[in-house]
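User: Hi! Could you walk me through this model with a few questions and answers?

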Amino acid sequence: MRIFAIGISHATAPIEVRSMLAFTKKQQKEILQYIKRNIAQECVILSTCNRCEFYLVGSDEVKERFLSYLYELVKADLRCYLNIYEDEKAVQHLAETAAGLDSMIIGEDQILGQVKDAHTLAAETGTAGIYMNTLFRIAVTGAKRVKTETILSKTPVSVATIAIKLCAQSLGDLAGKRIMIIGATGKIGSIVYKDLASIGTAKLFVTTRTRDAAIFMDFKNAEIIDYYTRYNVIDDMDAVISATACPHLTISQSECDKVLKTQKKRVFIDLAVPRDMDIRNSYLNTYIDIDDLRDLSEQNNAQKLAELRKARGILERYINEFLVWQVFYENKSLIDDIAANRNDSERESFMKMIYEKKANCSHEEFRRFIKKLGDSK
């Protein structure tokens, strides 16, 4: 059985291209179901603000069939933007992605949860079977160990924290500044709020479409603004940070032109993919999107490069664990046939040898061992 990882990321595609693959959860379920019915035996979609990747299990033909479907789905040939990993490389890529080694910000915390969520969605949709269940379980376990045993997560940095640093740089200081967070109930938006609240020097405002009492408890250090009145207060703001999953704009230049009267420097930070602001940069207004975070993230990454070798060393064990499992699983009938032709004592000894090899061999060694068993049968 072949395993493929096919997709785009911050490393290969600008935000305009990533936006083409920014699918809603409903769309992801529909795509997963189509792929399961028509293309691959199993499928998981990992979709974040910085990547959209498809993990596929099936025959050799899966890759070309999927690519044809993808180009038709987005009405574009994405060939020059795609990363395509096969078999061992696909397994390695997922392990490194889950551990944050392939993120814009090395070691960032959110990706592990996003990998778990991707697998959960596929499992609920019925498109994750024994291969994807085993692969994602092992990758997540390896990523947790990387976070425990390296400094990559000892100084946690995320897209949200980088955005706040850029906001502070643009305004000079956050003390006394009035900052509105749109999408504060989402994953990234909630981190932006928590990080700003922990600093404690800015006056925070969050927008919400609901007046649920629980929302007020979550944002006790902020003033709640009804989403539909956000333009009424925007003139008072020094910064607006948007991190929604809205399919439409949350802040538009045309509406801002109507209400922005106070002449002062403002920062608009757009953490959404696709973009949900259309603010123009000007003498007073600074617009920052998620791709503009790259310079600060590269500075952060330089401090963590020394830990990458250690992290990859940890992941090698888990990559090997999956590949050994795959050899074992795909040759289980052979092993069972050989065991069935032995008496009880020989069968027990034979199976003990198999499991010792499985636990202690590299996947190449284990594959050669199984091949010899088949040849001698």
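Predicted model: local features only at pLDDT ≥ 70, side-chain atom pairs only at ≥ 80, totals over all residues.

User: In what order do the 4 strands of the open sheet run?
Analyst: Residues are numbered from 1 along each chain as its sequence is written, and side-chain values use heavy atoms, leaving out hydrogens and water. Strands are DSSP runs of E of at least two residues, helices runs of H or I of at least four, both numbered from the N terminus, and two strands pair if DSSP finds at least two bridges between them. The pairing is antiparallel and the order is β2-β3-β1-β4.

User: Which strands stand at the edges of this sheet?
Analyst: An edge strand here has a single partner strand, so one side of it is left without a neighbour in the sheet. That applies to β2 (42-48) and β4 (83-86).

User: Over how many bridges do β2 and β3 pair?
Analyst: Strand β3 covers residues 51-58 and pairs with β2 in the antiparallel sense. The number of bridges between β2 and β3 is 7.

User: Which strands does helix α6 touch?
Analyst: Contact means heavy atoms within 4.5 Å. Helix α6 (residues 130-149) packs on the sheet, and its direction makes about 40° with that of β2; axes are lines fitted to C-alpha atoms, for helices over the stretch in contact, and angles run from 0 to 180 degrees between N-to-C directions. The strands touched by α6 are β1 (2-9), β2 and β3.

User: Is Gly-313 buried or partly exposed?
Analyst: Gly-313 lies in helix α12 (residues 294-330). Buried means under 20% relative accessible area, exposed over 50%, and partly exposed in between, with a 1.4 Å probe and protein chains only. Because its relative accessibility is 40%, Gly-313 counts as partly exposed.

User: What share of the 377 residues counts as buried?
Analyst: The chain has 15 helices and 10 strands. By the cut-off for burial, the share of its 377 residues that counts as buried is 54%.
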